[in-house]
Amino acid sequence: MGNLVGMKLIAYMAEHKLDDETFASQLEDCTAHAVRKWKYGQREPDASTIVKIQEITGGAVNVEDWAQQAREVAAGLKPSKLHKSSAPQVSA
């Protein structure tokens, strides 16, 4: 299952040579299992963990990414693989 946040998280972790266990330990109160769920779009972390992820990744995975994905899910859309715009596209 492709998703914007998961793809960004996977890319960040690969670039920094982090496995799920290591990334989870950086978040302190998290498990590798939870990280895998986030990477593959099966779950979302709570708000405080999202902020920690943004801080740890230096903004590579940020609050707005999670918010965009939540808006798409709430609108009944499949989460984006690529973030184009938060505004809906209107065709004439």
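In the protein chain, mean confidence is lowest in helix α5 (residues 63-74), at 90, and highest in α2, at 98. The confidence score is pLDDT, the predictor's confidence in each residue, from 0 to 100. This is a predicted model, in which local features need pLDDT of at least 70 and side-chain atom pairs count only at pLDDT 80 or more, while totals for chains, interfaces and linings use all residues. Residues are numbered from 1 along each chain as its sequence is written, and side-chain values use heavy atoms, with hydrogens and water left out.

**Confidence**
- The protein chain has a mean pLDDT of 85, with 82% of its residues at 70 or more.
- Over residues 82-92 pLDDT stays under 50, and the model has five contacts for this stretch beyond four places in sequence. Contact means heavy atoms within 4.5 Å.

**Overall architecture**
- The protein chain holds five helices and zero strands, in the order α-α-α-α-α along the sequence. Helices (H or I, at least four residues) and strands (E, at least two) are DSSP runs, numbered from the N terminus.
- Of the 92 residues in the protein chain, 35% are buried; buried means under 20% relative accessible area, with a 1.4 Å probe and protein chains only.
- Among contacts between residues at least 6 apart in sequence, 48% join residues at least 24 apart.

**Helix α1**
- Helix α1 (residues 4-15) has 12 residues and spans 17 Å from first C-alpha to last, close to the 16 Å expected at 1.5 Å a residue. The expected span is 1.5 Å times one less than the number of residues.
- L4, V5, G6, L9, Y12 and M13 are the buried residues of α1, and they pack against α2, α3, α4 (47-56) and α5.
- K17, which follows α1, has a positive phi, near 55°.

**Packing of α2**
- The axes of α2 (residues 20-27) and α3 (residues 32-39) come within 8 Å and cross at roughly 105°, so α2 and α3 are roughly perpendicular to each other. Axes are lines fitted to C-alpha atoms, for helices over the stretch in contact, and angles run from 0 to 180 degrees between N-to-C directions; 65 to 115 degrees counts as roughly perpendicular.
- D20, E21, F23, A24 and L27 of α2 meet A32, V35, R36, W38 and K39 of α3. These contact residues divide into six nonpolar, no polar and four charged. Ala, Val, Leu, Ile, Met, Phe, Trp, Tyr, Cys and Pro count as nonpolar, Asp, Glu, Lys and Arg as charged, and the others, Gly among them, as polar.
- The axes of α2 and α4 come within 10 Å and cross at roughly 110°, which makes α2 roughly perpendicular to α4.
- F23, Q26 and L27 of α2 contact T49, K52, I53 and I56 of α4, a set of four nonpolar, two polar and one charged.

Technical notes: Parallel < 35°, antiparallel > 145°, perpendicular 65-115°, else oblique. Buried < 20%, exposed > 50% of the residue type's maximum accessible area, 1.4 Å probe, protein only.
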